[in-house]
Amino acid sequence: MNQTRTFLTFALLAVAYLLWMAWDKDYSPKPVPAPVASASSAAVPSADNGGNLPAASSSTGAAAVPANGGSATEAKAQLITITTDVLRLTVDTRGGSVVRSELLHYPSVPVTKKDPSPAPVRLLDEQPEHFFVAQSGLASAQGNGAPVAPTHLSVFDSAQTAYQLAEGQNELKVDLTWQDAAGLKVTKSYTLKRGSYDVSMQQKIDNGASVAWQGNAYEQLQRAGQVNNRTWLQNYTDPAAHSFFGAGWYSPQDKFETLTFTDFQKKPLARSITGGWAAMLQHYFVVAWIPPAQEANGYSTSVVNPDTAQPYYLIRTVGPSLNVAPGQSATAVSRLYLGPKLQGTLDAIAPGLELSTNYGWLTVISQPLHWLLSQLHAISGNWGVAIILLVLLLKAALWKLTAAQFRSGARMRKLQPRVTALKERYGDDKMKMQQAMMELYKKEKVNPMAGCLPILVTFPVFLGLYRVLMESVELRQAPFFGWIHDLSAPDPLFVLPAIYVLVMLATQWLTPTTGMDPAQAKMMKVMPILFAVLFAFFPSGLVLYWVINGATSLAQQWFITRQVDRADHKAKTA
């Protein structure tokens with residue numbers, strides 16, 4: 001197999017992979033409205049966006065009943081703001097739910113001279129079209145006059161409407177309180193630390209009533225589905241369109257699992273997990289509830305308001321049973337991570353959280369590539385330079401393998417006149433033709449399969465790096481030099497795709513088409529145009545990788561070809 005076939009093989013594989021991704025995005029089944037919930041499991045009214053509340057249990061089950069916790073006096077809910085150096089959270093006193101989160105170090109669009117201070121990325125959002133909230137509460141056992149603790153629908157009190165981490169302060173704690181007439185008091189506290197996207201949440205239950213309180217603490221994430229009204233081209237060019245969007249969870253036994261919104265009703269989650277977490281995933285960012293590692297929690301998923309035009313998708317964890325006697329207190333704790341999928345740091349927050357950067361089946365390739373790129377970035381200080389260094393390292397590692405490919409290709413080109421003569425001699429007798437060619441290759445010590453081996457390595461690396469560039473938040477809006485301000489976005493001036501077309505033309509010039517099948521020769525002429533179109537919409541970091549890879553391959557091919565020519569010349573003149 002010569003260099004021409006290598007190019008053709010790569011092109012076909014690349015086109016097939018990208019077409020499959022686009023087809024899967026456009027034509028995979030979309031969420032459909034579910035049957036109307038029965039009276040025994042009806043959701044709360046859509047205005048509350050509350051979802052079914054878990055029933056208190058001595059186990060960690062999460063059966064749903066339409067029960068609301070209530071306070072003795074329902075005050076009007078209000079929004080409070082909590083600001084640190086990296087986060088700005090908006091908490092609704094109804095339930096103490098986090099209804100908005102802004103990541104202050106992550107602008108929603110690249111910084112430019114026209115827009116030097118763009119709005120930060122908003123992850124959680126209470127607006128209906130982007131509805132995404134983090135809720136928590138207490139599910140109370142019913143009967144026997146037992147007090148009822150607040151759920152995520154009950155209204156809490158707050159001493160202030162705004163809290164901010166002060167200069168020199170490393171920790172900020174915000175308390176929300178709720179109390180009923182019987183004497184049951186609950187304090188929900190959020191603790192935020194400087195430089196951290198990991199928020200601690202605790203619910204302290206002080207039982208001043210005359211009857212014991214029993215129940216479970218729970219946490220849940222609830223969000224609207226994604227409506228795709230874009231064209232095929234818009235989906236193809238938008239990196240977020242190729243990223244996983246849905247729920248995910250982790251358990252030490254089964255590791256990382258995901259559930260698309262399409263499958264929420266087909267494959268609902270209902271499992272007890274110890275040492276795990278539950279999350280909603282999207283491009284570059286993740287929100288996850290992380291229960292205490294030593295506790296067994298009930299994990300479940302459901303669809304809220306399934307019979308409406310805008311259903312909401314919910315993933316919940318329910319903690320172990322709590323029993324608080326009169327005059328006693330108990331505390332349920334959890335953590336909420338809402339931030340970027342920063343590789344190398346997430347596993348320190350919770351085991352397996354790093355897997356939320358969902359590389360899919362390419363994880364085994366993409367994770368090492370990301371690690372290597374990170375090390376090269378630490379040396380160079382520029383992600384584009386790190387990509388160039390990665391190519392040079394890979395080329396050095398594969399030098400002998402690709403040298404054998406180019407050497408075999410150079411020798412096969414010299415055999416083309418003899419191969420043409422064999423075709424003329426044997427005509428349509430393909431069996432004899434193949435036998436004669438194999439004898440010729442054996443006699444001249446040429447391996448026709450030498451060109452296949454390098455592509456078996458380089459193509460998976462290409463796909464792995466594609467996923468790294470598409471999924472790694474570290475490369476989001478990362479500049480290179482000059483006109484390239486975002487390596488995860490296409491080249492705005494199409495300079496890199498044009499350079500790669502020139503590299504392909506030079507490679508074709510160095511690869512004569514003598515003896516090539518006419519159909520194959522025509523395909524080779526179309527190849528530069530095909531790659532120009534494909535790479536025009538690829539992330540510029542990926543095109544940079546392929547430009548450097550193609551240029552170094554071209555230089556190596558030229559060097560090896562000259563070596564073979566000189567060796568043949570010496571042999572003839574000796």
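Buried means under 20% relative accessible area, exposed over 50%, and partly exposed in between, with a 1.4 Å probe and protein chains only. The model toured here is predicted: local features need pLDDT of at least 70 and side-chain atom pairs count only at pLDDT 80 or more, while totals for chains, interfaces and linings use all residues. Residues are numbered from 1 along each chain as its sequence is written, and side-chain values use heavy atoms, with hydrogens and water left out.

**Stop 1**

Select residues 184-193, strand β11. Helices (H or I, at least four residues) and strands (E, at least two) are DSSP runs, numbered from the N terminus. Eight of the ten residues of β11 are buried.

Leu-176 is opposite Lys-188 in β11. Four residues separate β10 and β11 in this hairpin, and Gly-183 in the turn has a positive phi of about 110°.

Next, show residues 198-207, strand β12, antiparallel to β11 over eight bridges. Here Val-186 stands opposite Ile-205 in β12. This hairpin also has four residues between its strands, with Gly-195 in the turn at a positive phi of about 75°.

**Stop 1: an aromatic pair from the β11-β12 loop**

Stay in the loop between β11 and β12 and select Tyr-197, then Tyr-337 in strand β21 (residues 329-340), 140 residues apart from it. Rings of Phe, Tyr and Trp (its six-membered ring) pair if their centres lie within 6.5 Å; planes under 30 degrees apart count as stacked, over 60 as edge-to-face and the rest as tilted. By this rule there are 16 aromatic pairs. Tyr-197 and Tyr-337 form an edge-to-face pair, 6.5 Å centre to centre with 65° between the planes. Tyr-197 counts as buried because its relative accessible area is 9%; Tyr-337 is buried too, at 2%.

**Stop 2: the cores**

From Tyr-337, move to Leu-353, which touches Tyr-337 and also Trp-277, Ala-288, Ile-290, Leu-346 and Asp-347, not counting residues up to four places away in sequence. Contact means heavy atoms within 4.5 Å.

Leu-353 is among the residues with the most contacts inside the largest nonpolar core, which has 73 residues. A nonpolar core is a set of buried Ala, Val, Leu, Ile, Met, Phe, Trp, Tyr and Cys residues joined through side-chain atoms within 4.5 Å. Strand β18 (residues 285-290) gives the most to this core, with six residues. A second, separate core of 40 residues includes Leu-469, Tyr-500, Met-504 and Tyr-545.

**Stop 4**

Among the buried residues of α10 are Tyr-500 and Met-504.

In helix α11 (residues 518-536), pick Phe-531 and Phe-535, which are four residues apart and therefore separated by about one helical turn. Their rings form an edge-to-face pair at 5.4 Å centre to centre, with 80° between the planes. Phe-531 is buried at 1% relative accessible area, and Phe-535 is buried at 3%.

**Stop 3: charges over rings**

Finish with Arg-223, which lies over the face of Phe-132 at 4.0 Å from the ring centre. A charge sits over a ring if NZ of Lys or CZ of Arg is within 6 Å of the ring centre and within 35 degrees of the ring normal. The charged end of Arg-316 sits over the ring of Tyr-218, 5.8 Å from its centre.

Note on methods. Pairing = 2+ DSSP bridges.
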